[in-house]
Amino acid sequence: MLLYDLFPDVLVLAGKIRAGSFWERTLAKVTRYALNESEATVFLGEHLRHYAEAKYGPAKKSVVIPVGAPGEIFVDSSPRRLPPEAAVSILYAGAMGHMHEVETLRELFSGGLPAGIKWRFHSSGSGYRR
């Protein structure tokens, strides 16, 4: 059995189902079953593991993947200076929607960007057009 995300929580936060509804209660039962019966559960960060296990019970077997990128590979590397004419690229990859905050980016872009900054988006989701 494979559990992709923490349901029903994401559906409630996304506004797809109501808190306390039949669907939330049903999906909560499925989530409890999945945590108990899955051969392994991978949590993205300790916070999510603590939250999920407090709400749905302990996972049969789990591992935590730290959130963020490891910085050890950069310990012996100094940043190199870019030529003044070089642009700095910022990449956003992921789903933009009810679960991901979009307003901060909208506010940033409404004031214009400093010269030499390029944004690249590899995204989709219900909030992408906003």
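Q: In which helix is the place of E24?
A: The model is a predicted one. In that model, the place of E24 is in a helix, and that helix is α2.

Q: How far from E24 is the nearest side chain of opposite charge?
A: E24 is buried, yet has no salt bridge. A salt bridge needs a side-chain nitrogen of Lys or Arg within 4 Å of a carboxyl oxygen of Asp or Glu. For E24 the nearest side chain of opposite charge belongs to K55, and the distance is 4.5 Å.

Q: With which residue does D9 form a salt bridge?
A: D9 is buried, because its relative accessible area is 10% and the cut-off for buried is under 20%. In the salt bridge of D9, the closest N and O atoms are 2.9 Å apart. The partner of D9 is K55.

Q: How far apart in sequence are the parts that the pair D9 and K55 ties together?
A: D9 forms a salt bridge with K55. D9 lies in helix α1 (residues 9-13) and K55 in helix α3, so the pair ties together parts of the chain at a separation of 46 residues.

Q: Is K55 buried, exposed or partly exposed?
A: Buried means under 20% relative accessible area, and exposed means over 50%. K55 has 37% relative accessibility, so K55 counts as partly exposed.

Q: How many salt bridges does the count come to?
A: One of the salt bridges joins D9 and K55. Another joins E46 and R49, with the closest N and O atoms 3.0 Å apart. The side chains of E53 and R49 also meet in a salt bridge, at 2.9 Å from N to O. The count comes to four.

Q: Which residues do salt bridges that share partners join into one network?
A: E46 and R49 both lie in helix α3, three residues apart, about one turn of the helix. E53 and R49 both lie in helix α3 as well, four residues apart, also about one turn. Both E53 and R49 are buried. The network consists of E46, R49 and E53.

Q: What is the distance in space between H47 and D76, C-alpha to C-alpha?
A: H47 is found in helix α3, and H47 is exposed, with a relative accessible area of 68%. In sequence, H47 and D76 are 29 residues apart. In space, their C-alpha atoms are separated by 30 Å.

Q: Which six residues make up the largest nonpolar core?
A: In soluble globular proteins, nonpolar side chains tend to be buried together. The largest nonpolar core here has six residues: A28, L35, F43, A52, Y56 and A59.

Q: Which elements each supply at least two residues of the largest nonpolar core?
A: The largest nonpolar core includes A28, L35, A52 and Y56. The elements that each supply at least two residues of this core are α2 (22-37) and α3 (46-56).

Q: What is the area of the nonpolar surface patch made by V42, L44, V63, I65 and V67?
A: V42, one of the residues in the patch, lies in strand β1 and is partly exposed, with a relative accessible area of 49%. The patch made by V42, L44, V63, I65 and V67 has an area of about 470 Å².

Q: Which elements give two or more residues to the nonpolar patch?
A: The patch is made by V42, L44, V63, I65 and V67. The elements that give two or more residues to this patch are β1 (41-44) and β2 (62-65).

Q: What distance separates the C-alpha atoms of I73 and V42?
A: The place of I73 is in the loop between β2 and β3 (88-95). I73 is exposed, with a relative accessible area of 66%. I73 and V42 are 31 residues apart along the chain, and their C-alpha atoms are separated by 24 Å.

Q: Which residues does Y128 touch, not counting residues up to four places away in sequence?
A: Y128 lies in the segment after β4 (117-124). The C-alpha atoms of Y128 and A95, 33 residues apart along the chain, are separated by 7.7 Å. The residues that Y128 touches are M96, F121 and S123.

Note on methods. Residues are numbered from 1 along each chain as its sequence is written. This is a predicted model: local features need pLDDT of at least 70, side-chain atom pairs count only at pLDDT 80 or more; totals for chains, interfaces and linings use all residues. Side-chain values use heavy atoms; hydrogens and water are left out. Patches are made of residues with over 30% relative accessible area and no salt bridge: like charges are joined within 9 Å, nonpolar side chains (Val, Leu, Ile, Met, Phe, Trp, Tyr) within 5 Å. Accessible areas come from the Shrake-Rupley method with a 1.4 Å probe; for residues, only the protein chains shown count as cover. Buried means under 20% relative accessible area, exposed over 50%, partly exposed in between (1.4 Å probe, protein chains only). A nonpolar core is a set of buried Ala, Val, Leu, Ile, Met, Phe, Trp, Tyr and Cys residues joined through side-chain atoms within 4.5 Å. Lys and Arg count as positive and Asp and Glu as negative; His and the chain ends are not counted. Contact means heavy atoms within 4.5 Å.
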